[in-house]
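We will go from stop to stop, with something to select at each one.

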Amino acid sequence: MKLHCEVEVISRHLPALGLRNRGKGVRAVLILCQQTPKSQPRPQAGGERGGPHSAYLLISTLKDKRGTRYEQLKENIDQFFTKFVDEGKATVRLKEPPVDICLSKANSSSLKGFLSAVRLAHRGCEIDAPLSNATPVKTSEFEKFKTKMVITSKKDYPLSKNFPHSLEHLQTSYCGLVRVDIRMLCLKNLRKLDLSHNHIKKLPATIGDLIHLQELNLSDNHLESFSVALCQSTLKKSLRSLDLSKNKIKALPVQFCQLRELTDLKLDDNELIRFPFKIGQLTNLRFLSAARNKLPFLPSEFKNLFLEYLDLFGNTFEQPKILPVIMLQTPLTLLESSARTILYNRIPYGSHIIPFHLCQDLDTAKTCVCGRFCLSCFIQGTTTMNLHSVAHTVVLVDNMGGTEAPVISYFCSLGCYINSCDTLQ
């Protein structure tokens, strides 16, 4: 019985000696072996079901293919640490020798099965699985630890076998994919996923289960949206780079701005008619490219960005309107007054507390230039902004050499509007 993963063996004597472990695992093959008495014939290559008294652990690495043996598992395991087993991580603490065997980057289902067999050996139970022989591991075994795979044609795409579970970088471009292969969603170690130049129309929400995913390239597909579920998944904490260029996206949900770890965002050659109006919440964003879309104006929170590079060339920016749009009501409605109070005081809300449509209203509330919020009672005005005020490097927005774009602003009251008249003019 074998498990492919990264292993770090930590001696518990090190802290007492004032020493530290090196803190990094190595690629290894863990083998649960059958101790064969010399008087018995050697078992065949298929292995045999073994009793608990004869099971031991063998850890083989590329540098030590014969491996290190940890004898007598029965009643020799102090503790199992399995809190992160679904992420392919676990630790087995042995009594003798006093070491912790830390496992990582394992296939979660294989890891669970392997730990179950080790538990049986520890308890003195019969192991209902074929145990391996103590033979040196072949070099080919370590090829299963492949961390990068690049596929750029249909003929090379694997149809009959799975992707190596240890992959951290997967590219499948020009493969004619119309949907995301479910096998990719089992690659829990993925940090970079490139699905560019395919025919994908919709993204499964389970992409959000790739907890280590930092770069996602979906350029040149047939996407029409980016779902709210993805925006609210674990991608909020991991995703750094997102390429959605050359698709058919018309708008991004307001929840898109929850992807606050984003540093690079490419939206070129879509059909965008607006940015998420809370885009200013993407405080880590440094590279933004949204050329050749249909943007008529920028949201007011665009001013809060601090970019290194900005490209908005080829959009259909409108001329600022001279007269504002006035939608004030006096007195404020109960809904408007309550919404402003909730948002101003940052009172938690959710669909388990208030109706879902009210949550949507609160999520899409507009921000006044004074920092307060407004729902449906406001004054809307437009002005121009020099894009150099938010970006160090700016690509010209048109063929005339312009670097200005219209910005839409909201005012929660007549007083806020009057105080900002000079800016609007």
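**Stop 1: an open sheet**

Begin with four strands that form an open sheet, running in the order β17-β24-β22-β19 with mixed pairing. Strands here are DSSP runs (E, at least two residues) and helices are runs of H or I with at least four residues, both numbered from the N terminus. Two strands count as paired if DSSP finds at least two bridges between them. Strands of a sheet pair through backbone hydrogen bonds, either parallel or antiparallel.

Before you go on, note that this is a predicted model: local features need pLDDT of at least 70, side-chain atom pairs count only at pLDDT 80 or more, and totals for chains, interfaces and linings use all residues. Residues are numbered from 1 along each chain as its sequence is written, and side-chain values use heavy atoms, leaving out hydrogens and water.

Now colour β17 and β19 (325-327), the edge strands, each of which pairs on one side only. Which strand pairs with β19 in the antiparallel sense? That is β22 (residues 378-386), over three bridges.

**Stop 2: around Tyr157**

Next, select Tyr157, in the loop between β10 (148-151) and β11 (169-172). Is Tyr157 buried or exposed? Tyr157 is buried, with a relative accessible area of 10%. The classes are buried under 20% relative accessible area, exposed over 50%, and partly exposed in between (1.4 Å probe, protein chains only).

Show the neighbours of Tyr157: leaving aside residues up to four places away in sequence, it touches Ile151, Phe163, Thr172, Cys175, Leu177, Asp181, Arg183 and Met184. Contact here means heavy atoms within 4.5 Å.

Zoom in on Asp181, whose side chain joins that of Tyr157 in a polar contact of 2.6 Å. A polar contact is a pair of N or O atoms within 3.5 Å; within protein, one must be able to donate a hydrogen and the other to accept it, and residues adjacent in sequence count only if both atoms are side-chain atoms. Asp181 also meets Arg183 in a salt bridge (2.7 Å, N to O), and both Arg183 and Asp181 are buried.

**Stop 3: more salt bridges**

A salt bridge is a side-chain nitrogen of Lys or Arg within 4 Å of a carboxyl oxygen of Asp or Glu. By this rule the count comes to 10 salt bridges. For one of them, select Asp100 and Arg12, whose closest N and O atoms are 3.0 Å apart. This pair links distant parts of the chain, 88 residues apart: Asp100 is in strand β8 (residues 99-104), and Arg12 is in the loop between β1 (2-11) and β2 (26-34). Asp100 is buried at 10% relative accessible area, while Arg12 is partly exposed at 29%.

Then pick Asp269 and Arg292, a salt bridge of 2.8 Å, N to O. Asp269 lies in the loop between β15 and β16 and Arg292 in the loop between β16 and β17, so the pair ties together parts that are 23 residues apart in sequence. Stay on Arg292 a moment: it has a positive phi of about 55° although it is not a glycine.

**Stop 4: aromatic pairs**

Rings of Phe, Tyr and Trp (its six-membered ring) pair if their centres lie within 6.5 Å; planes under 30 degrees apart count as stacked, over 60 as edge-to-face and the rest as tilted. The count by this rule comes to six aromatic pairs. Select Phe275 and Phe302: their ring centres are 5.8 Å apart and their planes at 25°, so the pair is stacked. Phe275 and Phe302 are both buried.

Move on to Phe287 and Tyr309, also a stacked pair, with 4.7 Å centre to centre and 10° between the planes. Phe287 lies in strand β16 and Tyr309 in strand β18, so parts 22 residues apart in sequence are tied together.

**Stop 5: two cis peptide bonds**

Finish with the backbone. A cis peptide bond joins Glu96 and Pro97, with omega about -5°; Pro97 is in the loop between β7 (90-94) and β8. Thr330 and Pro331 are also joined by a cis peptide bond, with omega about -5°. Look for Pro331 in the loop between β19 and α4 (334-344).
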